[in-house]
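Reader: I would like to know what stands behind the labels. Please take me through them one by one.

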Amino acid sequence: MMKVKKLSLALTAILASMSFGAQAQVKIGTVASSTGVVSAIGIPQRNTAMMLPTKIGDLTVEYIHLDDASEPNNTVTSVRKLLSEENVDAIIGPSGAPHALALIDIVSEAQTPLIAPVGSISVVLPMDEKRKWVFKPTQNDGLVADKLFEHMQANDVKTLAFIGTADAYGETWFNVMSERLEPWGISLVANERFNRPDTSATGQVLKMTSAKPDAVLIAAPGGPAVMPQIGLKERGYEGIIYQTHGAALNDFIRLGGKAVEDTILGGSLMLVPDQISDDNPSKAIALNYMNAYKERYGAMPATFGGNIYDAWILLEAAIPVAAQSAEPGTVEFRQALRDALEGIKELPGTQGIYNMSPEDHSGFDERGVELLTIKQGEWQRVE
């Protein structure tokens, strides 16, 4: 009987050890639009997700990668699967603002942190009990807008036309832009929208050019940002054309060609690393990521891929803190992970320095935005 009892205790200890080992594995789901109309953003994000390290400290990390084909309904289905079937501890993604907005209720109910690499500030503001589960490793719209309006004022822009996508990205940018018009002494003379799959914006362009604005601001992510600008140039528009950080990718230059020369936009230091001081702590991180990406895929990544890498940098810092108080795979761990993410201070990433707080789940300051232009098909930093 004594031997049986000892054997039983030993078996219980082994099973407990095996159980702890299984729970100690962190599971992270990723959702990217690697196909469909948002694929210019989603492909570098998916590629980056595929190269993320599988160890954080002593913890093993398992990734489950899904493609939502640029459809918000697919995003919802994918995330529900990650939560209900895979029991993930955190989610990185999706690629588009409308997709991310559709997830706020879902991740808050599941109490699972979502690190959403999207441009729109609306996924994290206004902060509330639901949005407190969402973090955003991209520059807030307002931070980029301030850079653009500073340039407008310096170049005597008094009238502005706006065109944005007919979705959350365009509407959020319109709201952010509208709030800044009066303080900068600028009047809005045209306000237009287009859909991402559209192949022409002739009507909208005619209305804008008829208003004779000093400048035009285009708010669209990825490839769709090019189309209105080509239309403006074909109509002979000679004013300044501004773009948001959604257009800050090499495909914007490739698709737009001469039509995008002299564009002014806010973007990442990743586009001009050789023009950034070595004293900037983000420069070395960005170059290490970019070189690793190029070695694996044969080309430099778009800045959207850097947002995914920054999501991992945030998790790399927060996961060991959360693991001190709870085991991966539990609600307690996810709650601790959320708290740890919110407490991150002065953490360099590829895009800038992160300082999270209960009020700010993006964490960037002016160090996270570079004012850029395009000269002879190359990115140039605007001094």
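Author: Start with pairing: two strands pair if DSSP finds at least two bridges between them. Strands (E, at least two residues) and helices (H or I, at least four) are DSSP runs, numbered from the N terminus. The model is predicted, so local features need pLDDT of at least 70 and side-chain atom pairs count only at pLDDT 80 or more, while totals for chains, interfaces and linings use all residues. Residues are numbered from 1 along each chain as its sequence is written, and side-chain values use heavy atoms, with hydrogens and water left out.

Reader: How do you know that strand 14 and strand 15 pair?

Author: Strand 14 (residues 370-375) and strand 15 (residues 378-381) share four bridges, in the antiparallel sense. The definition asks for at least two. K375 stands opposite E378 in strand 15. The two strands form a hairpin with two residues between them. Q376 in that turn has a positive phi of about 50 degrees.

Reader: Why is helix 2 called oblique to helix 12?

Author: Helix 2 (residues 39-50) and helix 12 (residues 303-323) pack at about 40 degrees, with axes 7 Å apart. Axes are lines fitted to C-alpha atoms over the stretch in contact, and angles run from 0 to 180 degrees between N-to-C directions. Under 35 degrees is roughly parallel, over 145 roughly antiparallel, 65 to 115 roughly perpendicular, and the rest oblique. Helix 2 is therefore oblique to helix 12.

Reader: What makes up the contact between helix 2 and helix 12?

Author: Contact means heavy atoms within 4.5 Å. A40, I41, P44, Q45, T48 and A49 in helix 2 meet F304, G305, I308 and Y309 in helix 12. The contact residues divide into seven nonpolar, three polar and no charged. Ala, Val, Leu, Ile, Met, Phe, Trp, Tyr, Cys and Pro count as nonpolar, Asp, Glu, Lys and Arg as charged, and the others, Gly among them, as polar.

Reader: Why does N87 count as partly exposed?

Author: Buried means under 20% relative accessible area, exposed over 50%, and partly exposed in between (1.4 Å probe, protein chains only). N87 has 34% relative accessibility, so N87 is partly exposed. Q111 is partly exposed too, at 27%.

Reader: What phi does N87 have?

Author: N87 has a positive phi of about 50 degrees although it is not a glycine. So does Q111. Most residues other than glycine have a negative phi, and most peptide bonds are trans.

Reader: Which bond joins G93 and P94?

Author: A cis peptide bond, with omega about 0 degrees. The bond from L125 to P126 is also cis, with omega near 0 degrees.
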